[in-house]
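Welcome! Here is a short briefing to read alongside the sequence and the 3D view.

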Amino acid sequence: MSTDFADAAPRKRGRALLIAGISGTIILLVLVGLGVYGLIARPHENTPAPAPTASEQRPPASTPSGPSDLMPLPRTNDPIRYARAVAVSLFTWDTASGLGPADYGQVVLSDADPTGTETPGLASDIAGYFPASDAWRQLTGHATTQHLTIETAVVPDAWADAVAQAQPGQLAAGTTAVTIEGTRQRAGVWNGQPVTSEHPVAFTVFVVCAPTYPTCHLLRLSQLDNPLR
């Protein structure tokens, strides 16, 4: 375990694929020459943390979907605000809380596409954002906490190209990609002394909002550090 609290293993890079929703169904669009990376989660070199169990219904705004001290995602029709909330939820955890990756991930998974079509893929995406089981145990031994400082949250230029290439009716109305860039910050204890680390992160959140749904829901996540630009 290094004092910078880094993940146990690097994630693999993807190639040029984008997954987009078609009336609640995800298809693969090959975007040649756009440098667009895929939404399909690549396997972690270690065994990933267990994916959270799917939830078919969105909880009331006042009722967390995971343990009682975790707040659900906001009900909003603003894709930027929603994507920022997804990002904060994914990256905020405390190993001393007694909760695990599945508990934290469930908050995000509970707001998946209500049709359930994308839920299995999204569960796999979410698992890739948390330390693997062995790494989580190591981090717990150092009382590690994590949070995210967001620097930018924008609709990437490549999304306009993807929309332009889609056939009429392929993308569900209100489907949007938001690329987040920020700094993952960790703090813990090493040899009895407090230590901290910072690491830049970037990823894309794919959401569907009005008019398809009254408020935004999460479709998929890009591979961490493999965002749409």
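**Helix α4 and its surroundings**

The buried residues of α4 pack against β3, α2 and β5. Please keep in mind that this is a predicted model. The points below begin with this helix and then move on to the sheet, the cores and the aromatic rings.

- Ala-135, Trp-136 and Leu-139 are the buried residues to look for in α4. They span an arc of only 100 degrees around the axis, so they sit on the same side of α4.
- Arg-137 and Gly-141 are exposed, on the other side of α4.
- After α4 comes Ala-143, which has a positive phi, near 50 degrees.

**The sheet**

- An open sheet is built from 5 strands in the order β3-β4-β5-β6-β7, and the pairing is antiparallel. At its edges are β3 (93–94) and β7, each of which pairs on one side only.
- In general, strands of a sheet pair through backbone hydrogen bonds, either parallel or antiparallel.
- Asp-94 is found opposite Thr-145 in β4.

**The nonpolar cores**

- In soluble globular proteins, nonpolar side chains tend to be buried together.
- Which residues touch the most other members of the largest nonpolar core? Out of its 37 residues, they are Val-86, Leu-90, Ile-180, Phe-203, Val-205, Leu-218 and Leu-221.
- Two or more residues of this core come from each of α1, α2, α3 (119–127), α4, β4 (145–154), β5 (175–190), β6 and β7. Helix α1 supplies the largest share, with 7 residues.
- Setting aside neighbours within four places in sequence, Val-86 contacts Leu-73, Val-108, Val-205, Leu-218 and Leu-221.
- Another core of 12 residues lies apart from the largest one, with Ala-166, Leu-171, Ala-172 and Phe-206 among its members.

**Aromatic rings**

- How many aromatic pairs does the whole structure hold? A search finds 6.
- One of them is the stacked pair of Phe-91 and Phe-203, with ring centres 5.4 Å apart and 25 degrees between the planes. This pair links distant parts of the chain, since Phe-91 belongs to helix α1 (residues 79–91) and Phe-203 to strand β6, 112 residues apart. Phe-91 and Phe-203 are both buried.
- Tyr-104 and Trp-136 form a tilted pair, because their ring centres are 6.4 Å apart and their planes meet at 50 degrees. Tyr-104 in helix α2 (residues 101–109) and Trp-136 in helix α4 (residues 133–141) are 32 residues apart, so this pair also links distant parts of the chain.
- Tyr-104 is buried at 6% relative accessibility, and Trp-136 is buried at 8%.
- Phe-91, Tyr-129 and Phe-203 come together as one aromatic cluster.

Notes: Residues are numbered from 1 along each chain as its sequence is written. This is a predicted model: local features need pLDDT of at least 70, side-chain atom pairs count only at pLDDT 80 or more; totals for chains, interfaces and linings use all residues. Side-chain values use heavy atoms; hydrogens and water are left out. Rings of Phe, Tyr and Trp (its six-membered ring) pair if their centres lie within 6.5 Å; planes under 30 degrees apart count as stacked, over 60 as edge-to-face and the rest as tilted. Helices (H or I, at least four residues) and strands (E, at least two) are DSSP runs, numbered from the N terminus. Buried means under 20% relative accessible area, exposed over 50%, partly exposed in between (1.4 Å probe, protein chains only). A nonpolar core is a set of buried Ala, Val, Leu, Ile, Met, Phe, Trp, Tyr and Cys residues joined through side-chain atoms within 4.5 Å. Contact means heavy atoms within 4.5 Å. Two strands pair if DSSP finds at least two bridges between them. The arc is that of the directions from the helix axis to the C-beta atoms.
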